[in-house]
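I opened my notebook to look up ring pairs, charges over rings and disulfides. My notes follow.

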Amino acid sequence: MRTRSKGLAALVALVGVTAFLSPAEAAPNSHGTPRPPAPERIRTDRLPLPPTAPSETQGSCTPAVNPRGTGCMAADWGFAMRAGGFLPDSRTVTVSVRFTGAPAAPDPASVYSGTHLLLVRADGETFPNGDAWKCLTCGTPPDNRQGMTGDTSYPQPFADGRRVLYGTNVIDCGPYRLDTPACTPERLRIYPIRWNDTADGSGPGGSIRELRLHPDQVHLGFNAVTVSGGRLDQYGYFGRLRFDPAPTTGTPLVPRYEVEKVSRLFDASPTAQPVHVDPRDSSKLVFDPALPGFGELRGFSKDGSEVFYVGYPVESSNIDLMAIDLRTGKVRRMTADPGYTDPGDASPDDRWIVALDTRGYDRMTFASGMTGIPAVTDLLTTSVVSSFRNNGQRRFFQPYLIDRYGDRGSYSGQRLNYSNTSPDWNASADPRWSPDGTAVVFNERLLSAPACGGANPLPCPVSTEPGGRRTRLMISRLVDREPVRPRPVKPRPDTVPWATPYAPGSATPQRPYPPQGTYTLRGKATGGATVDIVWDDARTAVRTVSVRYHRYSDDGRTFLDGSESVTRISNSPTLTSLDWYSDLVRTDRHGKALATKKTGADGFHVTIDLWQTVFRATGTLTTTIGSRTYTQPADGT
């Protein structure tokens with residue numbers, strides 16, 4: 001990425017501006033990893049949105065609220081607004097908005113009701129009618145949207161500027177660019193996306209979520225949730241999009257996109273799992289973080305070679321963003337901070353990412369802050385620990401600019417919105433880079449009930465946004481960066497060598513876990529651990545994992561001693577309880593304590609619904625690093 005250097009300046013905090021430090025070229029160290037980049041100048045601003053409806057009542061969006069009669073958006077916290085990606089011009093952003101308060105038909109403004117796809121100008125200009133936004137789908141005739149699904153998440157424009165991936169739909173304006181007056185609701189078509197999951201091609205297709213468009217514009221990444229052994233699980237998939245104007249099997253029998261030639265991004269062989277029994281010695285356990293514990297697919301590198309995902313931890317309880325090469329299967333750790341990372345997007349040149357992360361809040365550090373613990377009890381804790389990141393309608397994400405080489409030393413990236421927000425405003429998925437690499441767009445949500453107010457000890461903040469709305473659309477401009485040209489990406493092969501081809505109608509595999517037994521886990525440098533794995537009485541799932549460390553070390557410089565034990569009870573596929581006991585210490589070679597991770601005498605007991613993510617716990621789990629101590633959040637906060 002080229003920059004215009006303007007010398008080192010002092011950190012300045014102004015409205016709409018974050019760090020006023022210019023970037024510097026990073027010089028490599030003796031190990032070949034570049035030194036961390038210096039902070040750069042970033043300006044963060046709000047982007048315009050439709051007026052806020054005074055209420056959800058029909059007709060509340062009056063000419064006094066919106067004189068042009070182009071609709072009012074909802075004020076609530078939920079999915080009233082979601083940011084999407086930029087059009088190819090880097091000046092226009094796609095946004096999903098829920099309109100409300102429209103008058104009844106036949107008033108022309110009645111079409112501004114429900115969830116719709118908007119274009120929003122990010123360059124200060126307006127559309128021909130004077131608005132800074134344009135609703136693409138408002139007023140689309142029913143015949144033009146046959147079979148449209150209700151999933152309208154994560155709008156992602158195609159590089160042709162004529163189509164948008166819109167949840168599990170594709171918006172298509174034919175030969176017309178979306179941002180031109182020629183693209184009208186009457187000319188727009190909305191096509192559903194179907195993934196065939198039956199051998200004979202019948203039925204509505206499988207349920208898919210969190211779709212991400214591959215940079216080659218012909219492939220798609222997505223996720224599918226399954227329940228196995230009474231537990232919720234999820235697999236990522238990679239497939240090819242094909243338009244079928246006249247399908248003869250499956251439903252709906254309307255023009256639609258098919259996802260075909262699909263691969264499940266998973267190898268079911270036991271030795272392909274990060275934690276597995278040594279095939280050469282059944283008494284030994286292996287922990288190999290270089291093996292892909294692929295969980296939820298989150299996106300792709302901009303050259304299309306890597307797929308991003310959240311999966312099995314490299315260090316215990318530390319949930320990071322990972323990348324894996326689609327051809328070779330080589331795994332790369334993209335983040336390493338103890339905070340939880342999930343949504344992210346790569347810059348056009350793949351030299352940077354913007355990740356939404358809980359770092360800065362220390363919310364996760366009580367569980368994840370102690371480094372150097374192999375992720376063994378994570379056989380049971382990963383899904384629960386990942387759910388600590390939210391508290392219902394309160395998010396703890398903020399957007400961070402991180403270079404390709406990730407967290408190292410004291411470098412943990414640069415927050416985009418450092419001085420333009422309060423802790424009550426938090427980002428939500430997904431951030432998106434402009435194609436020219438000079439800006440990032442994201443949306444924020446304000447802490448809202450029931451995560452505040454009422455019985456909750458946190459007071460609910462009052463929104464100062466127009467109409468009191470609790471969402472806003474943000475853009476961070478990297479002011480010293482020169483625009484880049486997007487690189488053309490050749491279509492990828494349909495086959496992913498390390499994955500498993502999906503056969504429609506086939507059963508979803510269960511993730512293999514080590515059998516019940518007592519094992520030895522050796523440190524890479526010295527020492528080891530004794531691991532006890534106990535399955536439930538029905539032998540359907542692992543129930544307890546206990547580990548006793550004996551001067552365990554992977555680096556020969558720090559050493560882990562003590563014990564940790566976790567028992568998991570699945571009350572339902574999404575509601576899970578953990579009984580957690582920990583008494584760990586990490587020391588240097590002279591025996592000086594560097595960190596501890598300990599539960600109280602009665603242990604730490606947490607119950608959480610993986611969809612609702614409301615923190616409820618009794619007992620204590622405390623991590624101490626040097627002189628700093630981190631404890632779990634209070635219930636409901």
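Is Cys-135 buried or exposed? I looked it up in this predicted model. Cys-135 is buried, because its relative accessible area is 14% and the cut-off for buried is under 20%.

**Entry: the disulfides**

I asked what a disulfide is. It is a covalent bond between the sulfur atoms of two cysteines. I found four disulfides in the structure. I then looked up how the bonded cysteines pair. Numbered in sequence order, they go 1-2, 3-4, 5-6, 7-8.

I stayed with Cys-135. Its partner is Cys-138, and their sulfur atoms are 2.0 Å apart. The torsion about this S-S bond is about 80 degrees, so the disulfide of Cys-135 and Cys-138 is right-handed. Cys-138 also counts as buried, at 6% relative accessibility.

Next I took Cys-173 and Cys-183. Their sulfur atoms lie 2.2 Å apart. Why is this disulfide right-handed? The torsion about the S-S bond is about 120 degrees, so I noted it as right-handed. Both cysteines lie in the loop between strand E8 (169-172) and strand E9 (189-195), so the pair ties together parts that are ten residues apart in sequence. Cys-173 is buried at 1%, and Cys-183 is buried at 4%.

Then I checked Cys-61 and Cys-72. They form a disulfide with sulfur atoms 2.0 Å apart. The link is right-handed, with 70 degrees about the S-S bond. Cys-61 and Cys-72 sit in the loop between strand E1 (42-46) and strand E2 (81-86), eleven residues apart. I read 12% relative accessible area for Cys-61, which is buried. Cys-72 is buried at 0%.

**Entry: the aromatic rings**

I turned to the rings. The count is 20 aromatic pairs. One of them is Phe-222 with Tyr-237, a stacked pair with 5.2 Å centre to centre and 10 degrees between the planes. Phe-222 is in strand E11 (residues 219-228) and Tyr-237 in strand E12 (residues 231-244), 15 residues apart. Phe-222 is buried at 0%, and Tyr-237 is buried at 2%.

I also looked up Trp-580 and Phe-604. This pair is edge-to-face: 6.1 Å centre to centre, 65 degrees between the planes. Trp-580 lies in strand E32 (residues 575-588) and Phe-604 in strand E33 (residues 593-609), so the pair ties together parts 24 residues apart in sequence.

**Entry: charges over rings**

Which ring does the charged end of Arg-472 sit over? I found Trp-425, with the charged end 4.0 Å from the ring centre. The charged end of Arg-481 sits over the ring of Trp-352, 4.3 Å from its centre.

Definitions and conventions. Residues numbered from 1 in each chain as written. Predicted model: local features only at pLDDT ≥ 70, side-chain atom pairs only at ≥ 80, totals over all residues. Heavy atoms only, no water. Phe/Tyr/Trp six-rings, centres within 6.5 Å; stacked < 30°, edge-to-face > 60°. Helix = DSSP H or I, 4+ residues; strand = E, 2+ residues; numbered from the N terminus. Buried < 20%, exposed > 50% of the residue type's maximum accessible area, 1.4 Å probe, protein only. Lys NZ or Arg CZ within 6 Å of the ring centre and 35° of its normal. Disulfide = S-S within 2.5 Å.
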